[in-house]
Amino acid sequence: IRDRYKNITSRFSNEDIILHHYGYSVEVLEKKDKRSRNIPILLEALKENPKDSFNLFNLGNEYLAQNDVNTALHHYELSYSNIDLTKHYSVHLLYRMAVCYQYIKKYDKAMKFVNEGLQYFSPNVDFEYLKGCLFLDTKKYTLAIDSFNTCITIGDSGSTVKFVNNCGSINPLIALGNLYYSLSDYD
């Protein structure tokens, strides 16, 4: 089934374009109460089409923004059940699912989505960095070191899609420094 998604990264690119969108700044969110407004709209849309993967993804985002990780994951899982990796949000869905599962300490599930992200959207330094963090969380230090070194090799500009800044430079260097320090490997 997923063979049709091979080489999907050719559909993505990083561009030097800056878009300033203030619709979800803290001030605007508080003024317009967008989170409270969005959830009922999405729930209503899902009544008409309960399997709409994009609306389920967006509903998960709204719950995640309210720090309701379990409800977010429920909606992300529903969205994932109908995933189409050619859709623009699919890579974000995989990443957010991995982060949510890491947050609730279900590391095997988190790693499943990291590996899927790496399988379909490589090279991606953000997924690789998250992989290293998962290895750290589970005390697999040698594997964490390998992942962080891979991040440095890929570099910050080596990804097709970005989620977090500095995953190919500062972040893995700090993680490696802290890891080696904790292992008393001061050199």
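**Two helix pairs in the predicted model**

Helix H3 (residues 53–65) and helix H4 (residues 69–80) pack at an angle of about 170°, their axes lying 8 Å apart. That makes H3 roughly antiparallel to H4 (angles over 145 degrees count as roughly antiparallel, under 35 as roughly parallel, 65 to 115 as roughly perpendicular and the rest as oblique). Axes here are lines fitted to C-alpha atoms, for helices over the stretch in contact, with angles running from 0 to 180 degrees between N-to-C directions. Helices are DSSP runs (H or I, at least four residues), numbered from the N terminus.

This is a predicted model, in which local features need pLDDT of at least 70, side-chain atom pairs count only at pLDDT 80 or more, and totals for chains, interfaces and linings use all residues. Residues are numbered from 1 along each chain as its sequence is written, and side-chain values use heavy atoms, leaving out hydrogens and water.

H3 and H4 cross in a left-handed way (the near helix is turned anticlockwise from the far one by less than a right angle). On the H3 side, the contact (heavy atoms within 4.5 Å) takes in Leu56, Phe57 and Tyr63, among others; the H4 side includes Ala72, His75 and Tyr76. The contact residues split into nine nonpolar, six polar and no charged (Ala, Val, Leu, Ile, Met, Phe, Trp, Tyr, Cys and Pro count as nonpolar, Asp, Glu, Lys and Arg as charged, and the others, Gly among them, as polar).

Next come helix H5 (residues 90–103) and helix H7 (residues 125–137), packed at about 15° with axes 11 Å apart. H5 and H7 are therefore roughly parallel, and their crossing is left-handed.
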